[in-house]
Amino acid sequence: MLKPVFTDRVLPRATMMKRGERAASPPQDCERMRSTVNLPRRFLVVIALVSAPLGLWGCVPGTTPVDERPKIAVINGPTGERFIGLATAFESEALSYGLPNFQFVSASRLRFREVRIDFTAARAARQAALLAGSFGAELAVLVGAPVMEREIEPPETSDAGTRWVESALRVRVVVIDVDSAAVVHTASSQTYVGERFEDATEPVVRVQDDPTLLELQAFAVSELVPGVLSVLTERSRGR
């Protein structure tokens, strides 16, 4: 803020006047002094007028850019092929490639809804299209496991108290157009097989948590994602 500037200059004594007389005009030095003192106030007024709009502008909330890319809904299914975690694994692998032409629907919202819908084989495409459309998606992707097997050898026939576990997994991806509910692309991975030995005294883990199946899932998904992304990208560009 500007401050008045005072000098140490001694002003001349005013001319003596008789009683009843008034000076015709204030001494010149007094006028100069008054102007010097009043100058900062005028500057303050100007600064206030300029800064007020700027302060108000800073209070205006910023707007978040809207992502207008086409949406894709990735769903675990059909019901007979549902393996919880496949859709999430597909999205994670796809995101590692980058998605310049489209975006995925919120996974948490889809997972909440998909378990309440019957994606039977005859109506899977139609139900997937309806679910995806409710989120504003233009394409639905069903990710399922037509082959998912796990064989566990009982502890009593195992050596040294170990348990033998063998698993097999094949993943299939079906791309569906939301507007027509038509299947526009289908791709299947090869069947992956894995085995392991584990302590027979430990409880058997759930299928969705089985470490061998999760490893096979990673192989199958990584095989399918590049080709499916090409299809999704091509169809997204055509919209």
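1. Contact here means heavy atoms within 4.5 Å. With that in hand, residues 24 or more positions apart account for 71% of the chain's contacts with a separation of 6 or more.

2. A word on what you're looking at: this is a predicted model, where local features need pLDDT of at least 70, side-chain atom pairs count only at pLDDT 80 or more, and totals for chains, interfaces and linings use all residues. Residues are numbered from 1 along each chain as its sequence is written, and side-chain values use heavy atoms, with hydrogens and water left out.

3. The overall layout first. The chain has five helices and six strands (DSSP runs numbered from the N terminus: helices are H or I with at least four residues, strands are E with at least two). Going along the sequence, you read α-β-α-β-α-α-β-β-β-β-α.

4. How much is tucked away? Of the 239 residues in the chain, 34% are buried (buried is under 20% relative accessible area, exposed over 50%, partly exposed in between, with a 1.4 Å probe and protein chains only). The chain exposes about 15,200 Å², and carbon and sulfur atoms supply 57% of that; the areas come from the Shrake-Rupley method with a 1.4 Å probe, and for residues only the protein chains shown count as cover.

5. Now the cores. A nonpolar core is a set of buried Ala, Val, Leu, Ile, Met, Phe, Trp, Tyr and Cys residues joined through side-chain atoms within 4.5 Å. The largest has 30 residues, and I72, V74, F90, V141, V143, V173 and L232 touch the most other members. Elements giving two or more residues to this core are β1, α2, β3 (139–153), β4 and α5. Helix α5 gives the most, nine residues. Apart from this core lies another, of 20 residues, among them A124, L131, I176 and A181.

6. Not counting residues up to four places away in sequence, V143 touches, among others, V74, I75, F90, V171 and V173.

7. L110, R111 and E114 are buried; they cover an arc of only 100° around the axis, so they sit on the same side of α3 (the arc is that of the directions from the helix axis to the C-beta atoms). On the other side, S108, R109 and F112 are exposed. What do the buried residues of α3 pack against? They pack against β1 (71–76), α2 (86–95) and α4 (124–134).

8. Over in helix α4 you'll find Q127, which is buried at 15% relative accessible area. Leaving aside neighbours within four places in sequence, Q127 is in contact with I117, D118 and F119.

9. Two backbone spots to check. A cis peptide bond joins G77 and P78, with omega about 0°, and P78 is in the loop between β1 and α2. A181, in the loop between β4 (162–177) and β5 (183–188), has a positive phi near 60° although A181 is not a glycine. A181 is buried, with a relative accessible area of 16%. For background, most residues other than glycine have a negative phi, and most peptide bonds are trans.

10. Finally, the rings. The whole structure holds two aromatic pairs (rings of Phe, Tyr and Trp, the latter by its six-membered ring, pair if their centres lie within 6.5 Å; planes under 30 degrees apart are stacked, over 60 edge-to-face, the rest tilted). Y192 and F219 form a stacked one, 5.9 Å centre to centre with 15° between the planes. Y192 is in strand β6 (residues 192–199) and F219 in helix α5 (residues 211–237), so the pair ties together parts that are 27 residues apart in sequence.
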